[in-house]
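Hi,

Here's the structure I said I'd pass along.

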Amino acid sequence: MRHPLQARRPSGRWALLSLLAATWWLAAPPAAAQDSTAPPAPPPAAPAAPPAGAPQSDSPAQVEGPQQVAGAPQPPAETPQQAAGTPATDGAAGAGAAATGAGGAGGAAADAGGRAERGPARRDRPGATSSRATPSKKRRGDINPCMTPDPGWGVYDPWSRAPSIGQMIMPHRGGVTKRGGFDVIIHFHGHEALRKEFVKTAEGAVLVGIDLGIGSGAYSSAFSAPYVFENLLDSIERAVAKKTGKKKAYIRKLGLSSWSAGYGAIEQILRQPAGKRVDALVLLDSLHAGYADEQQHKLKVAQIEPFIAFAKRAAAGEALMFMSHSSILPPGYASTAETANFIVQQLRGKPRGSSRRDVLGLDMIQRYDRGGFHLRGYTGDDKPDHCAHLGLMADIMRIHINPRWKTPKGRR
């Protein structure tokens, strides 16, 4: 006789059917997964930008030094590769902007005809991570300015770790005078991106590329002590001497270049004794300043005094200075357009309007030229527009620096 609390066992057929039903239920996907038209989950929100003047995280390559002056602008500009949504490797920006021969640096080319549509300017921070996978302007030819094809190395050998900071490329052969003189450009922020443009038109000058992290503070701190830049120059000369066999190799012409946050290093260098050796200065959408009065947009002039002084030298024909600016409006500090126009005012000049297409979808709206000083202003308030300024370097070398320096030819 069965105990009243004992469960009744099902027959064999019902037991099999129950097991099959339970197995199907466990294996069935959730209803959302079965719906092929269900919208994908939204991407995680990007972290909020740190306030202007906030301390920046140290980069592994950063040289210890005092922090940037409180209140100075800290544009947290990423490398072009990071702006395109791809992680950077080896501390280098993994992208460049391809020059198209439109003459953006020198203004020699005629208009290509037509203007790209413009959107209203918005408050944004230069170099912030972009959610766009493709360029915003169709006429960029399906090339993302933050992730462009690699043209190769030209007459140059691949990157060398010879400098005390960063990396350098030298011509496979040549590029040095009989006495051992050579020319060098030191670029801050996005050096692999710039390399793609540099090798297209450079004739033999050495390129040194330095990436130290996010924000101008990393660059400012790294080069705050004069010996850091002096040691860098010495290490470059030793590297060239070793490669060429010329024991007394020396820097003949020196240029500094930066994109985005890299200007922090240049500001420090221009204040130092070795800064007097600089003959050429290139700022690619790359000069900001803090506000003494944000409501009145009154700049903290002390922060850009070295650039004003250099601009005056260039205007007098004693040096070369090329500036470009976008129309990005960063939060809480002066844009590259504001600083560029302020410097032109210090030269007692006024930019004139321009309407021309340039490299990678850039639309020129103003320009100013006086002696060796050149300003090019563009529309554009998004990340691809910011990256596109790197595409100007090929024409800057071809139109301005090569004729000025007459660098000895490099060759394979």
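At what angle do α4 and α11 pack, and how far apart are their axes? The angle is about 45°, and the axes are 7 Å apart. The crossing of α4 past α11 is right-handed. Before going further, bear in mind that this is a predicted model.

On the α4 side, the contact is made by Leu194, Glu197, Phe198, Lys200 and Thr201. Their partners on α11 are Met393, Ala394, Met397, Arg398 and Asn402.

Leu194, which sits in helix α4, is worth a click. Its relative accessibility is 0%, so Leu194 counts as buried, the cut-off being under 20%. Leu194 and Met393 are 199 residues apart in sequence, yet their C-alpha atoms are 7.1 Å apart in space.

Now for α11 itself, which runs over residues 393-405. A straight helix of 13 residues would span 18 Å at 1.5 Å a residue, but α11 spans only 16 Å between its end C-alpha atoms. There is also a bend of about 30° at Ile399, with a proline, Pro403, following within four residues. Just after the helix, Lys406 has a positive phi of about 55°.

Which residues of α11 are buried? They are Met393, Ala394, Asp395, Ile396, Met397, His400, Ile401, Asn402 and Trp405. Met393, Ala394, Met397 and Asn402 have already come up, as part of the contact with α4. The cover over the buried residues of α11 includes α4 (191-201) along with several strands: β3 (181-188), β5 (250-259), β6 (278-284), β9 (320-325) and β12 (373-378).

Helix α8 (residues 305-315) packs against helix α9 (residues 336-346) at an angle of about 50°, with axes 10 Å apart. That makes α8 oblique to α9, and their crossing is right-handed. From α8, the contact uses Phe307, Ile308, Ala311 and Lys312; from α9, Phe342, Ile343 and Gln346.

Cheers

How values were computed:
Residues numbered from 1 in each chain as written. Predicted model: local features only at pLDDT ≥ 70, side-chain atom pairs only at ≥ 80, totals over all residues. Heavy atoms only, no water. Helix = DSSP H or I, 4+ residues; strand = E, 2+ residues; numbered from the N terminus. Expected span 1.5 Å × (residues − 1). Bend = angle between axes of the 7 residues up to and from the residue. Buried < 20%, exposed > 50% of the residue type's maximum accessible area, 1.4 Å probe, protein only. Contact = heavy atoms within 4.5 Å. Axes fitted to C-alpha atoms, helices over the stretch in contact; angles between N-to-C directions. Parallel < 35°, antiparallel > 145°, perpendicular 65-115°, else oblique. Left-handed = near helix turned anticlockwise from the far one by under 90°.
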